[in-house]
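Here are some exercises to work through with the structure open beside you. Try each task before you read its solution.

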Amino acid sequence: HLCLRRQRQMCIRDSYKDDLINKNNIEKKIKAVVACGNGTAGVFAPDLLRGIGCEVIELDCKLDWNFPKYNPNPEDLEMLHAISKSVLENNADIGFGFDGDGDRVGVIDDKGNEIFSDKIGLLIARNLSNSHKNSKFIVDVKSTGLYSNDKILKDNQCQTIYWKTGHSHIKRKVHNEKALAGFEKSGHFFFNQPLGYGYDDGINSAIQVCHLLDNDNRKISEIMDELPKTFQSPTMAPFCKDNEKYEVVNQLVKEIENIKNNITKIDEQEITEIITVNGVRFSFNDGSWGLIRASSNKPSLVVVTESPTSDERKKKIFEFIDKNISMNSKTILATFLVTSFMISFSQSYESHKYETLFSEENFEVRNYEPVLKAKTYSEKGSNDNFGKLFRYISGYNEKNQKISMTTPVYMLSLIHI
C-alpha cells in the first residue's frame, strides 16, 4: 500500500510539473532567484521555472520543517531581504519568494525592491489582456484603484470587478464570473483556463510574471515605473468590538451614500462611485478612494486610503474617515490617534521603500505594508518624541521599565487584517 501511495504521489507531482512546463515555455533567458524558505514549494518551483526556460538561483529550497533560516512567508522582512540581497549579488532579473505551502508568491525587482501584490496583479492583467481581450479580472476591495481606469485594460475591453477581501471570496467570484484571473492583495492569485484550474498557485503566478518579462524588452523595474504613481496608506485596523463593528460599518455606509447624494465634497472632490460588497469603498473624480470594512477575523475595522494625486489628498480622505468613525463608534479607542500620527510618515506607494521609521528594527511587513511593533521600538530607548509616544503606548516609561496600562497594547497597535 505504501508503494502504491508513493507511486500515486509521484504521478500527481509529475503531472502537475508537466502540465505547467508544456504550456509555458518562454524564449527570453530570465535569471530568477527562487526562494522557498525550506517550505513545500522547494520540491516544485526550481524545477518548474527551469523547465519553462529560466536560469534559476536557488535560495533555501531544501525541505526542512524546522525552517532554520526564516519564516517562509513572502510578507516577512527577513525573507524579502534575503531575496533582495541574492538578486543584487547575482545580477538577477527578478526574485520570487514562496510561502510555506506554495500558494502565494512575493516579487522582488531587478533593483532589489519588493513590488506590492496588487501592482504585480495589474501588470499581469495588462499582459494577459493583450492576448485575452474582453476578459474579466477580480480584485479585492483593498487593492489599488489603478485597475479601474487602466488604459491598456480598457483598450482591450477588459472589465475589473472589485470584490470581498478573502481567499474563498475571490476564488468563488473568479469561478462564478468565469473571470480569467483574480488577484487578492495578500498575494493569492487565481487563474482560470487556459492558464490554470481556478485555485491559487504561487508557482503559476511566478510563471505569469515570467511571461510578462518575456513579452517586454524592459526590466521589471522599468515596467513598474510605467504605472501611474499612487500614494497609499498602510492597512489600518482600529479596534471595534465584534458585536458592534458591522453596525458601525452599516451606519458609515448610509452616511457616505448621503454625502454622495448631496454632492458634498471632500478635499474639493465629489464621490463618484460607492462599492458596498465588503464594507464601503468610495471613489472620487481623480481616482482617489477610501475603504472602511469590518475585519472578518478580528475585533476591528479595516481602513485604507489611496490617491494618485497627492499624499496630502490621501491624508484628507483618512481624516474624513477618522472623523466619521469617531462619531459613530463608542468602542474605538486611541488607535486612530496613533494612526493619524503614523500616516504622515507613510511613503508614496510606488517607491517600494520605507523611511527610517519603517525599518526592519521597528516594523514588520505584512502584505508589504508597514505594521507597528510598538514594544520593539520602545525597547530601543529612543528619547525623541516619536520614541516617547511608542514607549508609552507599549506600556514602558522613559527608563524602559514596564508600567501599568489600562488599555491593552493590541488596541493601540497597527495590525494588518
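**Exercise 1. Work out how many residues of strand 13 (residues 289-294) are buried, and which way they point.**

Step 1. Find the strand; helices (H or I, at least four residues) and strands (E, at least two) are DSSP runs, numbered from the N terminus.

Step 2. Apply the cut-offs: buried means under 20% relative accessible area, exposed over 50%, and partly exposed in between, with a 1.4 Å probe and protein chains only. Strand 13 is mostly covered, with 6 of its 6 residues buried.

Step 3. Sort the side chains by direction. W289, L291 and R293 point one way, while G290, I292 and A294 point the other way.

Before you go on, a word on the model: it is predicted, so local features need pLDDT of at least 70 and side-chain atom pairs count only at pLDDT 80 or more, while totals for chains, interfaces and linings use all residues. Residues are numbered from 1 along each chain as its sequence is written, and side-chain values use heavy atoms, leaving out hydrogens and water.

**Exercise 2. Find the strands that pair with strand 13, and the sense of each pairing.**

Step 1. Use the rule that two strands pair if DSSP finds at least two bridges between them.

Step 2. Take strand 12 (residues 280-284): strand 12 and strand 13 are antiparallel, with 4 bridges. V280 stands opposite I292. The two strands form a hairpin with 4 residues between them, and G287 in the turn has a positive phi of about 95°.

Step 3. Now take strand 14 (residues 301-307), which pairs with strand 13 in the antiparallel sense over 6 bridges. Here A294 has L301 as its bridge partner.

**Exercise 3. Describe the surroundings of E257, and say whether E257 is buried, partly exposed or exposed.**

Step 1. Locate E257 in helix 9 (residues 242-261).

Step 2. Read its accessibility: the relative accessible area is 33%, so E257 is partly exposed.

Step 3. List its contacts, meaning heavy atoms within 4.5 Å. Leaving aside neighbours within four places in sequence, E257 is in contact with I274 and T276.

Step 4. Check a distance: E257 and V280 are 23 residues apart in sequence and 9.4 Å apart in space, C-alpha to C-alpha.

**Exercise 4. Identify the nonpolar cores and some of their members.**

Step 1. Recall that a nonpolar core is a set of buried Ala, Val, Leu, Ile, Met, Phe, Trp, Tyr and Cys residues joined through side-chain atoms within 4.5 Å.

Step 2. The largest core has 56 residues, and those with the most contacts inside it are L49, I94, F96, F98, F137 and F183. Helix 7 (residues 202-214) gives the most to this core, with 7 residues.

Step 3. Apart from it lies another core, of 22 residues, among them V280, F282, L301 and I325.
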